[in-house]
Amino acid sequence: MEYRATLIPGDGIGPEVVEAALRVVEATGVRIEWERVEAGADVFVKYGTPLPDEVLNSIRTTGVALKGPIGTPIGGGFKSANVLLRQALDLYACVRPIRTIPGLPSRFENVDFVIIRENTEGLYTGLEHRVAPGVVESLKVVTEAASLRIARYAFELARRQGRPTVTAVHKANIMKLSDGLFLECARRVARDHPEIEMRELIIDNCAMQLVTHPEQFDVLLMDNLYGDILSDLGAGLVGGLGVVPGSNIGNECAVFEAVHGSAPDLAGKGRANPTAVIRSAAQLIAHLGEPEAAGRIERAVEAALSDPANHTGDLGGKATTQQLTDAILRELER
Ligand code: NAI
């Protein structure tokens with residue numbers, strides 16, 4: 001069977017690491033016809049938008065995309081294409097598994113939790129305005145519908161994966177209405193899942209617990225901004241941004257991408273770590289219905305990374321993107 005999927009190479013290191021992922025997917029024997037579309041900063045220069053309609057239409061047709069990172073200007077310029085994409089396709093659940101990779105040196109062993117980030121609202125609605133000179137407001141939007149939906153996703157994932165706890169992360173002591181509603185919705189959903197223990201943790205305490213005892217967590221449920229920040233923290237616990245995959249899931253479509261950004265400091269040097277995008281591609285093919293091939297990619301990645309000679313610069317080694325990719329391909333062929 002041949003599948004169809006959309007491919008967005010992205011900006012910066014995106015095209016290099018996405019190309020590596022394509023080689024690995026091809027080597028599994030899973031056949032995918034990729035529909036290539038462009039989004040990002042270069043596209044903005046050409047078309048006046050970082051996210052042309054053709055990108056959204058392609059994903060609506062194929063239902064699934066592999067996406068490289070897209071750069072966003074700071075403090076001005078165009079709106080984030082990532083945020084626009086997630087909102088336009090209603091990709092409400094951002095799922096980021098944070099797991100120790102055997103053989104990869106990191107500060108902790110036995111880290112294995114999943115961040116479930118609400119992906120469509122919170123402080124990422126982009127509703128900002130100037131009230132008066134020197135005074136601005138950014139609006140945090142929290143709805144009951146989106147909060148219940150993401151909480152259900154988190155509890156369902158916990159049930160499917162046999163994870164005993166879901167920790168709702170919030171700041172409802174200060175943002176009593178917005179985070180209060182998010183938390184109340186999580187509590188309501190928890191009542192329908194008596195087999196799963198719900199814990200509640202204020203975001204600042206959660207950050208401290210993550211850097212001291214990350215092994216205690218199973219599923220972390222949180223809003224858009226907290227999920228963005230704690231995803232990078234989580235990546236730092238298990239080897240860094242170069243290794244952690246992610247997915248953005250909606251009812252109609254799913255977009256798979258690494259947690260990391262376009263890493264402009266590394267672009268074009270052939271030194272970026274392709275692992276995060278390769279593992280995101282593995283999640284994509286599992287989503288398509290090929291879990292066995294996805295498992296083979298995961299095992300090949302772990303085997304390749306168990307040899308420090310294959311480590312890229314972010315992992316303290318000297319290997320290039322191509323050398324690590326070749327090592328993963330060799331492991332796949334074993
Ligand atoms: P970044 O994730 O691009 O880079 C942070 C640090 O991690 C840099 O030192 C970079 O070299 C390193 N790094 C990231 N990925 C790596 C990889 N695969 N291999 C080796 N090292 C890697 O974050 P930064 O610098 O904050 O953002 C750069 C741009 O990316 C911004 O324009 C930002 O808006 C965008 N971005 C896009 C995302 C997406 O498309 N989903 C996510 C995060 C940021």
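Buried means under 20% relative accessible area, exposed over 50%, and partly exposed in between, with a 1.4 Å probe and protein chains only. This is a predicted model, in which local features need pLDDT of at least 70 and side-chain atom pairs count only at pLDDT 80 or more, while totals for chains, interfaces and linings use all residues. Residues are numbered from 1 along each chain as its sequence is written, and side-chain values use heavy atoms, leaving out hydrogens and water.

**Stop 1: the domains.** Colour domain 1 (1-94 + 241-334) and domain 2 (107-237) separately; the bounds come from an automatic or database domain assignment. Their C-alpha centres lie 24 Å apart. The contact (heavy atoms within 4.5 Å) takes 14 residues from domain 1 and 15 residues from domain 2.

**Stop 2: between the domains.** The two domains bury about 1300 Å² between them, 53% of it on carbon and sulfur atoms; this is the accessible area (1.4 Å probe) that two parts lose on being put together, summed over both. Select Gln87, Tyr92 and Cys94, which lose the most area on the side of domain 1, together 44% of what that side buries. Then select Asp90 and Arg149, whose side chains meet in a salt bridge (2.8 Å, N to O). A salt bridge here is a side-chain nitrogen of Lys or Arg within 4 Å of a carboxyl oxygen of Asp or Glu.

**Stop 3: the core.** A nonpolar core is a set of buried Ala, Val, Leu, Ile, Met, Phe, Trp, Tyr and Cys residues joined through side-chain atoms within 4.5 Å. The largest one has 90 residues, and Leu66, Phe113, Ile116, Leu220, Leu221 and Ile285 touch the most other members. Helix α5 (residues 144-160) gives the largest share, eight residues. Helices (H or I, at least four residues) and strands (E, at least two) are DSSP runs, numbered from the N terminus. Centre on Ile116: beyond its neighbours within four places in sequence, its contacts include Cys94, Ile150, Tyr153 and Leu220.

Stop 4: Of the 22 salt bridges in the structure, show Arg99 and Glu298 (3.0 Å, N to O). Arg99 is in strand β4 and Glu298 in helix α10 (residues 291-305), so the pair ties together parts that are 199 residues apart in sequence.

**Stop 5: a pair within one helix.** Select Glu156 and Arg159, joined by a salt bridge (2.7 Å, N to O). They are three residues apart in helix α5, about one helical turn.
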